[in-house]
Amino acid sequence: MSHIEQKRLKALRRRLRAWFQRRGRALPWREASATSYERIVSEVLLQRTRAETVATIFPSFIETFPDWQSLANASEADLEAFLRPIGLWRRRAKSLLAFAQHLKANDFVFPKSKEELLKWPAVGPYVAAAIAMFEHGQSAALIDDGVARLLDRAYRCRTRADLRTDAALRELATSITNTRDSRTLNWAVLDVVSAHCRPRNPICGGCPLAVHCIYLADVRASTTK
Ligand code: SF4
């Protein structure tokens, strides 16, 4: 069962879209001309790293490795050198290379099914969702620690510590982003996390989830006691 009824869900999506129009971040992989390759690579790099940090190396990375073919043919050392400024460079280089080489061995064709994708090297639920959305044009939910924090604060939806196996969290995130403009809604949610729902001292003023946020209601109740 989703934590939000349909009417509230639609209103939430409207608020997210309106917020994103005003405050969404302009990032290189979000430009209209960005390819699905650029968008998928960006999501791999964005895990555990701020978008603004990834954006500092992204244009030169894409200039040097403009497609899956060039990435599959890269050396691990070259990739590490590029990725060093954003941290976790060894792990990221290994993952990107393993994935690109696997894709090359598959004639650069992505599997359509999520189950099949999850068997590929370096693919977890987050990257599988990115591929579904950017490569296949499907709706999907990008769920990282920040998104999990936001949804749990707003709706108290978490049932497990591991967000990969938290069915209630995944169902809620999916219900919000299961639309034709899934991409926009995912970007909006990620940007709301960055702008408002930080790990400490969330900035709740202007947050599009504030109307029904349980965490905020609790804070308000405790300060009026
Ligand atoms: S209202 Fe505050 S705590 Fe609730 S989701 Fe928004 S930023 Fe997070």
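User: On a 1 Å grid over the protein atoms alone, a cavity is a set of points where a 1.4 Å probe fits but cannot get out, and its lining residues have an atom within 4 Å of a point. How much space lies in the largest cavity?

Analyst: This is a predicted model, in which local features need pLDDT of at least 70 and side-chain atom pairs count only at pLDDT 80 or more, while totals for chains, interfaces and linings use all residues. Residues are numbered from 1 along each chain as its sequence is written, and side-chain values use heavy atoms, with hydrogens and water left out. The count comes to three cavities of 30 Å³ or more, with grid points joined across faces, edges and corners and a volume taken as the space filled by probe spheres set on the points. The space in the largest cavity is about 110 Å³.

User: Which residues that line the largest cavity are the closest to its centre?

Analyst: The lining of this cavity has 14 residues. Those closest to the centre are Leu150, Cys197, Cys204, Cys207 and Cys213.

User: Which helix gives the largest share of the lining of the largest cavity?

Analyst: Helices are DSSP runs of H or I, at least four residues long, numbered from the N terminus. At least two lining residues come from each of helix 9 and helix 12 (214-223). The largest share is three residues, and its source is helix 9.

User: Where does the ligand sit?

Analyst: Its shell, the residues with a heavy atom within 4 Å of it, includes Leu150, Arg153, His196, Cys197, Cys204, Cys207, Cys213 and Tyr215. By class, this shell has nine nonpolar, one polar and one charged residues, where Ala, Val, Leu, Ile, Met, Phe, Trp, Tyr, Cys and Pro count as nonpolar, Asp, Glu, Lys and Arg as charged, and the others, Gly among them, as polar. A molecule sits in a cavity if more than half of its atoms lie within 2 Å of the grid points of that cavity. By that test the ligand sits in the largest cavity.

User: Which residues that line the largest pocket are the closest to its centre?

Analyst: A pocket is an open set of grid points with protein on both sides within 12 Å along at least five of seven lines. The largest one holds about 1100 Å³ of space. From its 38 lining residues, the closest to the centre are Leu46, Gln47, Arg48, Thr49 and Asp144.

User: How many charged residues are in the lining of the largest pocket?

Analyst: Helices that supply at least two residues each to this lining include helix 2 (36-46), helix 3 (51-64) and helix 6 (89-105). By class the lining has 18 nonpolar and six polar residues, and the charged ones number 14.

User: Which helix gives the largest share of the lining of the second largest pocket?

Analyst: The second largest pocket has a volume of about 240 Å³, and among its 16 lining residues the closest to the centre are Lys114, Ala129, Ser139, Ala140 and Ala141. Two or more lining residues come from each of helix 7 (114-117), helix 8 and helix 10. The largest share, four residues, is given by helix 8.

User: What is the distance between the C-alpha atoms of Gly137 and Ser36?

Analyst: Gly137 lies in the loop between helix 8 and helix 9, and at 65% relative accessibility Gly137 is exposed. Along the chain, Gly137 and Ser36 are 101 residues apart. Their C-alpha atoms are separated by 9.6 Å.

User: What is the phi of Asn201?

Analyst: Asn201 lies in the loop between helix 11 and helix 12. With a relative accessibility of 68%, Asn201 counts as exposed. Although Asn201 is not a glycine, its phi is positive, at about 45°.

Conventions: Buried < 20%, exposed > 50% of the residue type's maximum accessible area, 1.4 Å probe, protein only.
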